[in-house]
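User: I would like to go through this model term by term, setting each value against the rule behind it.

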Amino acid sequence: MIEIRIHGRGGQGAVTSAELVAIAAIDDGKYAQAFPSFGPERRGAPVAAFIRVSDKPIRTREKVYGPNVVMVLDPSILKIVNVAAGLKEGGTVIINTSKTPEEMAGLLNVKAKIVTVDATKIAMESMGVPITNTTMLGALLKSTGIVSNDALGKAIDKRFGRIAEKNKTAFNRAMTETIVREA
Amino acid sequence: MAKRIGMEVSIAASEAVKLADVDLIAAYPITPQTHIVEHLAEVVADGELDAAFVPVESEHSAMSCCIGSSAAGARTFTASSAQGLALMHEILFIAPAMRLPIVMVVANRSLSGPISIWNDHSDIMAEQDIAWIQTFAENGQEVFDLVLHAFRVAEDSKVLLPVIVNLDGFTLSHVIEPIEILDKAEVDKYLPPYKPKVRLDPRKPVSMGLVGIPEIYTEAKKATNEALINSKKVVLKAWKEFGDLFGRYYNPVESYKTEGAEVILITMGSISETAMTAIDKMREKGLPVGLVRFRLWKPFPSTEFKKAIAGAQTLAVVDRALSPGGACGPVAEEIKAALYAERGRPKVFNFIAGLGGRDVTVENFEEIVSKAFTYAKKRPKQLYEMIGVREI
């Protein structure tokens, strides 16, 4: 079972990105769960969302405390939340930042695969809004391959309708621009 | 077999209501139930469901409207949570007294105050004596299946009682997970159209909901109570038929790894799945521990419960609600009452966990079981214990 924790701020689509991954994983024939951290949802406040993906039925409903993957939609979160808390050995941290994985490795001080992408820039250029969730899914797929490109594309189409294409452009750009640094 | 689709559990609940082809939905939005009736409002507005959607001004009106609708012979649905359910309180007693087969989904949430929108069972445990049939779902598939089962049982001419399907607010209602949705032809095989024996009809006038003078009231209460107790036969039959048709079999009480268990954990609702993971972990370490969970809560499945826990020396009952000033939590209270007359009854220890959205973890269950083993040897001073309380 792979457990993912997504950190973002209210309005950046952390919950939506978790939902899209779970829907795609289930479409791939796997078992999956996605749920928000159920805080008082306020635009701009730190939020978390959780994903579990497994080949077998999932029988736990606690929050994700020991993630395999942590994904950070907003670099400013790093100053106020310990995003790497509980990260499993050999885990992956995916960050929206203009910095390189080497620079981030120094800042985070964790033994992990570090993945970076300038998602805010890509989202602004592709969609004109700093909503980074679908862009960050490109980085997630590139670094983990947790779901099939096909299934995720279908989930994005269904969720976003007429603005799906823009989201897919951002997603595809992230697939090429993401930098992965092995632990 | 239908494909598993990733969907929000709330949406699966409304899809079941849609497939049941209800005639009327009266509801007032309240978190965390909102997505259920929101989706139903959409399917009615989009013409996917030919039903009246009545957006009432309060939950008190929602239940009143449901009673009028059901009395007129319409298949009727509503959903609520916490303060909303509490606002329905006085009307909830009327539905079973009038033998109206209304179905309600309650997305369980803590009652304020302090103000809380998060999950526990304090809302529904404050409604123990309303004489509705009550089931608890532990995952999204069960929510879908239990809603269909609820209509089938409620409208059975041997039952004619309202049914509540409980699901944990947020921790279940807002989760995306794989769910198999039946198609309309399959649902129609299971759920025939509602044919009321008596209904409000100006062409054939009847009186319903009359005064119960002292010469009648006791007998009327006894009759409703007996109808509720006897509904278990239909509850079981409707689950058996559901299983025969769709391959998913349900029981009023479910057991997990109880063979040879010295300590049995007792749970209800979605924490049961986390509890199973905890049981697996403890069994691997060689601890003789199992799990029993209630799917049917009212009428209380006493016989099935006693059978499920037979052989265990100790029960660790997890309550998701506090009964302030009382002897223990509401589930433990029911269990203790059911076991008191039994010879060789097990020791019962009660743990209150997961109040107001506090996460209930695998670790919490390990702590509860470990305490139960200790208390079995040395009786604790307190009658119940709250788990995960932060103390300075």
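User: Into which domains is chain B divided?
Analyst: This is a predicted model, in which local features need pLDDT of at least 70 and side-chain atom pairs count only at pLDDT 80 or more, while totals for chains, interfaces and linings use all residues. Residues are numbered from 1 along each chain as its sequence is written, chains are lettered from A in the order in which they are written, and side-chain values use heavy atoms, with hydrogens and water left out. Chain B is divided into domain 1 (3-246) and domain 2 (253-391), bounds that come from an automatic or database domain assignment.

User: What makes domain 1 of chain B and domain 2 of chain B count as being in contact?
Analyst: Contact means heavy atoms within 4.5 Å, and 29 residues from domain 1 of chain B and 26 residues from domain 2 of chain B take part. The two domains bury about 2100 Å² between them, buried area being the accessible area (1.4 Å probe) that two parts lose on being put together, summed over both. Gln128(B), Glu138(B) and Lys232(B) supply 30% of the area that domain 1 of chain B buries against domain 2 of chain B, more than any other three residues.

User: Why is the pair Lys232(B) and Glu304(B) called a salt bridge?
Analyst: The term requires a side-chain nitrogen of Lys or Arg within 4 Å of a carboxyl oxygen of Asp or Glu. The closest N and O atoms of Lys232(B) and Glu304(B) are 2.9 Å apart, so the pair qualifies.

User: What makes Arg61(A) and Glu273(B) a salt bridge?
Analyst: Their closest N and O atoms are 3.0 Å apart, and therefore the pair meets that same rule. The count between chain A and chain B is four salt bridges. Chain A and chain B bury about 2000 Å² between them, 52% of it on carbon and sulfur atoms, and Phe38(A), Arg59(A) and Arg61(A) supply 42% of the area that chain A buries against chain B, more than any other three residues.

User: How do you know whether Asn96(A) is buried or exposed?
Analyst: Buried means under 20% relative accessible area, exposed over 50% and partly exposed in between (1.4 Å probe, protein chains only). Asn96(A) has a relative accessible area of 1%, so Asn96(A) is buried.
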